[in-house]
Amino acid sequence: MSERRNPFRELFLARLREFVREPGVLFWVFGFPILLAIGLGLAFRNKAPDEIHVGVLDAAGADEVVRALTPADGFHVERVQASDADQVLRLGKVSLIVVPGREYEYRLDPTRPDSLMAELRVNDALQRAAGRADPVAVHTTHETKPGARYIDFLIPGLLGMNIMSGGMWGIGFVLVDMRSRKLLKRLVATPMRRTHFLGAMMASRMVMVIVEMFLLLLFGWLVFDVSLQGPMWHLALLSVIGACSFASLGLLVASRTPKTETVSGLMNLVMLPMFVFSGIFFSSDRFPDAIQPVVKALPLTALNDGLRAVILEGADLPSQLPRIAILIAWGAVSFVVALRVFRWS
Amino acid sequence: MSHAIRCRSLVKTYAGRPPVEAVRGLDLEVRTGECFGLLGPNGAGKTTTVEILEGILAPTSGDVEVLGLRWEHDERALRQRIGVSLQETRFTDKLTVRETLQLFGSFYARGRSADEAMNDVGLSEKRSSYVVNLSGGQRQRLAVACALVGDPDLLFLDEPTTGLDPQSRRQLWDIIRDLRGRGRTIVLTTHYMDEAERLCDHVAVVDQGKVIALGSPAELIRSLGGDHVVEFALDGARKNEPSAKSEVDLEPLLALPSVRSARAEGPAVQLTVAEPHVAIPALMEHLERGSRVLSQLSTRHASLEDVFVSLTGRHLRDE
């Protein structure tokens, strides 16, 4: 006779072991959001103040113009032949063509913001080189505040997305898989308490969420200098509430489904609207006012808005209560309904 | 005599169009300490019956008493005292044998350690292997070990050897005999008659949701009237009669000494016989008179398969 083991602990450990021993699952949970962050972070990085590409027509006086538009002032100048001028402008290789001469001619497309900007800057530089004196001395200070970049917007969104799909797959899919393998039926043929089983599933999910959260945050901080404005425990609390909410949704989706193929479809059906509307990759404010009440009522919108408020603004908890209430409402209703209709065999 | 299981007029009907009557008034008594077999073809209602006895399914009607307790009132106590191996459970791939047994062991208030259970089924050297890397026979032994880990008074094994190779079947038979030897009550379902014959003290032959015969394997075989089966086929001697079926007239065969029954079996004929050494010479003489030539003659001990065939006219594994 050996010492009796604690069934909750065993169920919890079994779930964690199963999880960490599947490299594929580990990648989707931990690696994928980080890869997404790298990819999108690079694509939408804020470049060092943009260079202004200017074409100078190869004609008399071109040298003077080229000398005036120095790289130090952010100009990138290339000489173009008259025959190519329209082409390079049209393709966007340059924002503006300067035709030198006694009078300068600027050729540009006024519908392109970069061309309008270039016109102002080029004109300024050329006039100053020609001897214009500015009546007032000006000093400009450049500063970019953290929190305003795309990557700052993206990291909380990816965290929210991860909490959603982790809850759905980690609970919903796993349960249906266990049902299809008759493992659920086998477990209820033992004296196992069902609350232990579901509790252990939830608890293991919470542990994973906290790890996911730290990894993504650490990555954002190390690579993109994304910093957390609010207190860590606010973020952890919000993540855990979100994880509970989506785990309950996963439980509901899995409650009667016999086959893993069916549950995959169901979960995608539930998640797809939130992928689109809940502000993972772009702000949910972009949707028309008419559908905003629906958009705001989605659990992922509440979670993403909440995560952004904590990470980017350091918002205090009371201001987050409406979002937390939405998450808890979704979670509680799903959980109660799921337990009512859940099928063990 | 104390009983581990009593069940009367058990009925299970699955809703549907038309409703499926899986079990249709089934009575069973399993004595404490015996190995009891539910034998029948696939779809006979064996698994449904066993799952009702295991408290996994609720019967549509009928009376079930397990270890003197009832599922409606004493589920918690009953669960502690029974062990179950379902048909085709797939355990978690990436847990080791030992971890799986520790998990199942943790649900019971008392019981055997994971190491003892592994030892019982000869899986000790696989303790650290992932379930995914086990062979079919090893997985089945793990399923039995999971049923044993709570040290149950009553063990249900649903089709424990289906789909296994002969060597793995033999290993499981040894395990089951060993458990029986240690005084556990075992209920097993099978559609292998040899398995039931070898392992079971009593067998209920189940067909279409009912028990159609009940007794020890020896009693059931004796009920055929003879312990032996003589099977013969004729050479296509009468080539002018092209029928594939046996053209032997069965009536005169029944009159031969020691022959208890006769049955056509495709082109062959099967006789149930009490004493082959009396029946065979008489048979030869009978065929001689009709100028028939034997193409095949064999004798064997009668089996539960013959019992099933004589009761239903079908083979166990027709389906």
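1. pLDDT is the predictor's confidence in each residue, on a scale from 0 to 100. This structure is a predicted model, and in chain B the mean pLDDT is 89, with 95% of the residues of chain B reaching 70 or more. For the model as a whole, the scores are ipTM 0.85 and pTM 0.81.

2. One stretch of chain B calls for caution when reading the model: over residues 237-242 of chain B the pLDDT stays under 50, and for these residues the model has 4 contacts beyond four places in sequence.

3. Turning to the fold of chain A, the model gives this chain 13 helices and 4 strands. The radius of gyration of chain A is 29 Å, well over the 20 Å that the globule rule gives for 345 residues, so chain A is more spread out than a compact globule. Along its principal axes, the C-alpha trace of chain A spans about 100 × 45 × 40 Å.

4. In chain B, a pair of helices can be examined in detail, namely α5 (residues 136-148) and α6 (residues 166-181), whose axes come within 9 Å and cross at roughly 20°. Because angles under 35 degrees count as roughly parallel, α5(B) is roughly parallel to α6(B), and the crossing of the two helices is right-handed.

5. Which residues of α5(B) and α6(B) meet? From α5(B) come B:Gly136, B:Gly137, B:Gln140, B:Arg141 and B:Val144, and they meet B:Ser168, B:Gln171, B:Leu172 and B:Ile175 in α6(B). Sorted by class, this contact of α5(B) with α6(B) has 3 nonpolar, 5 polar and 1 charged residues.

Key. Residues numbered from 1 in each chain as written. Chains lettered and ligands numbered in written order. Predicted model: local features only at pLDDT ≥ 70, side-chain atom pairs only at ≥ 80, totals over all residues. Contact = placed C-beta atoms within 7 Å. Axes fitted to C-alpha atoms, helices over the stretch in contact; angles between N-to-C directions. Parallel < 35°, antiparallel > 145°, perpendicular 65-115°, else oblique. Left-handed = near helix turned anticlockwise from the far one by under 90°. Nonpolar A, V, L, I, M, F, W, Y, C, P; charged D, E, K, R; others polar. Rg over C-alpha atoms; globule rule 2.2 N^0.38 Å.
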